[in-house]
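Trainee: I have a new structure to learn. Can we go through it in short questions and answers?

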Amino acid sequence: MMIDPLILLQAYSIGVFPMSDDRDAREVYWVEPKYRAVLPLDGFHLSHSLAKLIRRERFHVTANRAFGEILALCAESVPDRPSTWINHEIERAYRDLHARGFAHSVEVWEDDELVGGLYGVALGKAFFGESMVSRRTDASKVALAWLVARMRFGGFTLLDCQFMTDHLRSMGAIEISQRDYLQLLGAAVGDVALGAGAAPLSAGSGVAAELAFAPLAAVAPDTGSPLPPSFTVSGPVSGHSIAQLLTHTS
């Protein structure tokens, strides 16, 4: 059985999310950490080397163009992570949330090859980051930098990273208590109606997500390949503008 989408969104709205023990595990359990990693949107740490990489535009970045592929990459076993918490039921649930407009991906491309990115769930002014992946050095860092910049433009107030890692800490993430997290969460999703019935599931993530992700979701009409950021509009959409914004707020 797939996780009920409304229950999944309601869980996020009160600070709970699903995990599993293994890719092939049958069970899904609900997690509510006592301490939560969040990345303040005005506290992103942009290193000199990452800023240089973003300005050079070696990679180009899109959103919601390859959600399924990003999810599949995040669920793959790799030498330093032989197992994953993304079991098949969780994968189906997030594919469904993406189809309904609640789950979003940021993709990083090198030429026409997908080399990294991230995905998560947007609800009101909160984005719940689920997983990141790199198949090239710093590709996930580039994805996170673009996410933070686009979230700032969209009016988001909370970037939930769930659990702290050294990687996230180096990018500016901090760890806060469950109580403090719930205060931030309440302010970010307070205007979202998630009552019973079909209406909440037809509403999509909301205005903040539309502003953040839609400008990066365009497809080139002739080739179908992702558009370089310079061809999109609304907010920071070039490597130079992303780096400039983050430099001023780091």
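Trainee: Which residues touch the most other members of the largest nonpolar core?

Mentor: Keep in mind that this is a predicted model. In general, nonpolar side chains of soluble globular proteins tend to be buried together. Here the largest nonpolar core holds 44 residues. Those touching the most other members are Phe44, Phe156 and Leu159.

Trainee: Which element gives the largest share of this core?

Mentor: Several elements give two or more residues, including helix H2 (48-56), strand S8 (158-162) and helix H10 (239-249). H5 is also among them. The largest share is 10 residues, and it comes from H5.

Trainee: How many residues of H5 are buried?

Mentor: Buried means under 20% relative accessible area. H5 has 16 residues and lies across S4, S5, S6, S7 and S8. The helix is mostly covered. The buried count is 13 of 16.

Trainee: What residue follows H5, and what is its phi?

Mentor: H5 spans 22 Å from its first C-alpha to its last, close to the 22 Å expected. After the helix comes Gly155. Its phi is positive, near 95°.

Trainee: What is the strand order of the open sheet?

Mentor: The sheet has seven strands, with mixed pairing. Its edge strands are S4 and S9 (174-177), each pairing on one side only. Neighbouring strands are turned by 35° against each other on average, direction ignored. The order is S4-S5-S6-S7-S8-S3-S9.

Trainee: Do S4 and S5 run parallel or antiparallel?

Mentor: Look at the bridges first. His60 stands opposite Trp109 in S5. Val61 has Val108 as its bridge partner in S5. Four bridges join S4 to S5, and the two strands run antiparallel.

Trainee: Which residues of S4 are buried on each side?

Mentor: In a regular strand, side chains alternate between the two faces of the sheet. Both faces of S4 are covered. One side has His60 and Thr62; the other has Val61 and Ala63.

Trainee: Why is Arg136 called partly exposed?

Mentor: Arg136 lies in the loop between strand S7 (126-134) and helix H5 (139-154). Among its contacts are Arg58, Phe59 and Glu110. Partly exposed lies between under 20% (buried) and over 50% (exposed). Arg136 gets that label because its relative accessible area is 28%.

Trainee: What distance separates the C-alpha atoms of Arg136 and Val108?

Mentor: Along the chain, Arg136 and Val108 are 28 residues apart. Val108 is the residue that bridges to Val61. The C-alpha separation of Arg136 and Val108 is 9.5 Å.

Definitions and conventions:
Residues numbered from 1 in each chain as written. Predicted model: local features only at pLDDT ≥ 70, side-chain atom pairs only at ≥ 80, totals over all residues. Heavy atoms only, no water. Buried < 20%, exposed > 50% of the residue type's maximum accessible area, 1.4 Å probe, protein only. Contact = heavy atoms within 4.5 Å. Expected span 1.5 Å × (residues − 1). Core = buried A, V, L, I, M, F, W, Y, C linked by side-chain atoms within 4.5 Å. Pairing = 2+ DSSP bridges. Axes fitted to C-alpha atoms, helices over the stretch in contact; angles between N-to-C directions. Lists of a residue's contacts leave out its neighbours within four places in sequence.
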